[in-house]
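Keep the viewer open as you read, and follow along.

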Amino acid sequence: MVQAKENEVTQSSWLVDGMKNGDVFFASPSLQWRSRGLQGAVRSHVPASAAAIKSLFEQARSQGHAEPVMFGLVPFDPSLKASFTIPSQVAFTPSIHGVRTSAQPNGRKPSVVKRTPVPAPEVYGDMVRKALDLYEAGGVSKIVLSRAMDVELDAPVNYEYLMLDLLRRNAHGYTFALPIWSDEACGDVPAAVMLGASPELLVRREGDQVFINPLAGSIPRHADPAEDKSRKEGLAISEKDLREHGYVVRDIVRILKEHCDELEVPDGPSVIGTDALWHLSTFITGRLKNPETTALDLACALHPTPAICGFPTATAFQHIKELEPFEREYFAGLVGWQRESGDGEWALTLRCARYDGDRTLRLYAGAGTVAGSDPESEIRETATKMETFMRAIA
Ligand SMILES: C=C(O[C@H]1C=CC=C(C(=O)O)[C@@H]1O)C(=O)O
């Protein structure tokens, strides 16, 4: 394993130098990873089961990887196969006081040739109206509805520019570029790449300690500081947003109780900010009853949470399948890394895009809807969620 000197983080952009399709990059508030060797890497398209993961680590060991670290993407639909990579060598550095890079993005950003919303914003508004009817009828209380944007560029994505830009804008989140392997593409060239900067940690495990940080309930930020402050304060007491957040925390705590003791759950959420949005956030800690439970085991037990699906989960999942006119695939799934010991971090795959490796991207954004949601506000919220990524890309 290459251990970078700490000051390299603030002085260079080594973590993204020469990045290409198939490379792995993952940065959390506390560390950054980058694949350094892909020859002999383990690449796999398998279920995210404990048995499959164990066999991937065994394969890495048998190929001579001394300290294997697995990176992965798990789809929104947990019945679908996940995409995992164990690079032959990784570079790692801790983040220093939250400073992940001081390097300025350089080079030319591509320009957008064409944007196609999937579906059109008005149709997304209609989807929200249908969800409001479902709440009236009863049986479901929350559905997270998403939309996509197909973007065509005049040149391939400039990884160095994009990753540094996302890191700078997203100082407290999870920035990633991870290859998608498929049954057809498990060689050197991935089927596609997931790129993004998520604000939401699902699970971090350090020994028997676990950290969970659900977000739900949001409002776009404002350039005027007084208006921005008033939006933040308004979100903290918004009945609709607190209700939307409550479904998530209660369901997560219910599942965590099966796996953890010494759970610490704050009485109510706090408000955290990304560069573009305020979110309601609850930071939960616990101790694993069974220390063999890995970060991914726990993440899969919680997935899909009502932060990206709805409540009750199975009913909301069915409505999403019927209402959304596209497949989410890896959007609103899990993205992260894990060591053989089971320690690792899994974030939700949000504020992201699927990149075909050439000139096309599909951006995604969703928003939680509950009784009382306003379709126009949800259109604006999903537009804001896509905009951060859009600004970084082109
Ligand atoms: C589904 C997304 O956000 C989730 C995470 C945070 C806040 C959310 C909200 O307020 O709606 C969503 O639950 C997305 O960013 O695409």
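A residue counts as near a molecule when its C-beta atom, placed from the backbone, lies within 6 Å of that molecule. The model is predicted, so local features need pLDDT of at least 70 and side-chain atom pairs count only at pLDDT 80 or more, while totals for chains, interfaces and linings use all residues. Numbering starts from 1 along each chain as its sequence is written.

Let's begin with the ligand. Its surroundings comprise 18 residues, and the closest are Leu215, Ser218, Leu350, Gly366 and Gly368. Strands E9 (142–153), E14 (215–220) and E23 (360–370) each give two or more residues to this shell; strands here are DSSP runs (E, at least two residues) and helices are runs of H or I (at least four), numbered from the N terminus.

Strand E14 also belongs to an open, antiparallel sheet of 3 strands, ordered E14-E17-E16. Two strands pair if DSSP finds at least two bridges between them. E14 and E16 (270–273) are the edges, each with a single partner strand, so one side of each has no neighbour in the sheet. E16 and E17 (277–281) pair over 4 bridges in the antiparallel sense, and Val271 stands opposite Leu280 in E17.

Angles run from 0 to 180 degrees between N-to-C directions, with axes fitted to C-alpha atoms, for helices over the stretch in contact.

| Helix | Strands touched | Angle |
|---|---|---|
| H5 (225–236) | E14, E16 and E17 | about 25 degrees with E17 |

Note on methods
Contact = placed C-beta atoms within 7 Å.
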